[in-house]
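This briefing concerns the structure shown below. The points that follow are grouped by topic.

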Amino acid sequence: MKFNPLNILLFWMFILFAAPAAMAQEFLLGGAVFEKGTLNRVAGAELTNKRSGFKVLSNDLGMYQIKALAGDTILVIKRDYSDAEIIASGSKDQLVYLERG
């Protein structure tokens, strides 16, 4: 069996570039949004996955769930609060603290 160098190159390019993308697993990142320095939860905060553009709002208890990949940046916005960003680090719940003002 004769190996063509071009076929070998194409095979390794596929392994190096396509395989890691296929292995990336999207998950539901969950957590809660709090007012910084208090135990008050923030309802209606908008969370945006900057990679995918997917948006959700925190519920009346300040809780949220958003689709993400590990390493995605999630932007959190709420009127009368400063914006915050978190990095999705896994399927473990992440708390977000917004500062009033």
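In this predicted model, Glu 35 counts as buried, at 14% relative accessibility. Glu 35 is found in strand E1, a strand that is mostly covered, with eight of its nine residues buried.

**Surroundings of Glu 35**

- The bridge partner of Glu 35 in E7 is Leu 98.
- A polar contact of 3.4 Å joins the side chain of Glu 35 to the side chain of Arg 100.
- Beyond its neighbours within four places in sequence, Glu 35 is in contact with Asn 40, Val 42, Tyr 81, Leu 98 and Arg 100.
- Glu 35 falls in the buried class because its 14% relative accessibility is under the 20% limit for that class.

**The sheet around E1**

- An open sheet is formed by three strands in the order E4-E1-E7, with mixed pairing.
- Each of E4 and E7 has a single partner strand and stands at an edge, so one side of each is left without a neighbour in the sheet.
- Direction ignored, neighbouring strands of this sheet are turned by 35° against each other on average.
- E1 and E7 run parallel and are joined by five bridges; Ala 32, for instance, has Leu 95 in E7 as its bridge partner.
- E1 and E4 run antiparallel and are joined by six bridges; Gly 30 has Gln 65 in E4 as its bridge partner.

**The largest nonpolar core**

- The largest nonpolar core has 18 residues, of which Leu 29, Val 33, Leu 47, Tyr 64, Val 96 and Leu 98 touch the most other members.
- Two or more residues of this core come from each of strands E1 (27-35), E4 (63-68), E5 (73-77), E6 (84-87) and E7 (94-98).
- In soluble globular proteins, nonpolar side chains tend to be buried together.
- Leu 98 is in contact with residues that include Val 33, Phe 34, Glu 35, Val 42, Ala 45, Val 76, Tyr 81 and Ala 84, leaving aside its neighbours within four places in sequence.

**Salt bridges**

- The structure holds five salt bridges.
- One of them joins the side chains of Arg 51 and Glu 26 at 3.6 Å, N to O.
- This pair links distant parts of the chain, 25 residues apart: Arg 51 lies in the loop between strand E2 (46-49) and strand E3 (55-57), and Glu 26 in the loop between helix H1 (5-23) and E1.
- Arg 51 is partly exposed at 44% relative accessibility, and Glu 26 is partly exposed at 46%.
- The side chains of Glu 46 and Lys 55 form a salt bridge at 3.9 Å, N to O; Glu 46 is partly exposed, at 29% relative accessibility.
- A salt bridge of 2.8 Å, N to O, joins the side chains of Lys 50 and Glu 85.
- That pair also links distant parts of the chain, with Lys 50 in the loop between E2 and E3 and Glu 85 in strand E6, 35 residues apart.
- Lys 50 counts as partly exposed at 48% relative accessibility, and Glu 85 is partly exposed with a relative accessible area of 47%.

**A positive phi at Asp 80**

- Asp 80, although not a glycine, has a positive phi of about 75°.
- Most residues other than glycine have a negative phi.
- Asp 80 lies in the loop between E5 and E6 and is exposed, with a relative accessible area of 51%.

Methods. Residues are numbered from 1 along each chain as its sequence is written. This is a predicted model: local features need pLDDT of at least 70, side-chain atom pairs count only at pLDDT 80 or more; totals for chains, interfaces and linings use all residues. Side-chain values use heavy atoms; hydrogens and water are left out. A nonpolar core is a set of buried Ala, Val, Leu, Ile, Met, Phe, Trp, Tyr and Cys residues joined through side-chain atoms within 4.5 Å. Buried means under 20% relative accessible area, exposed over 50%, partly exposed in between (1.4 Å probe, protein chains only). Helices (H or I, at least four residues) and strands (E, at least two) are DSSP runs, numbered from the N terminus. Contact means heavy atoms within 4.5 Å. Two strands pair if DSSP finds at least two bridges between them. Axes are lines fitted to C-alpha atoms, for helices over the stretch in contact, and angles run from 0 to 180 degrees between N-to-C directions. A polar contact is a pair of N or O atoms within 3.5 Å; within protein, one must be able to donate a hydrogen and the other to accept it, and residues adjacent in sequence count only if both atoms are side-chain atoms. A salt bridge is a side-chain nitrogen of Lys or Arg within 4 Å of a carboxyl oxygen of Asp or Glu.
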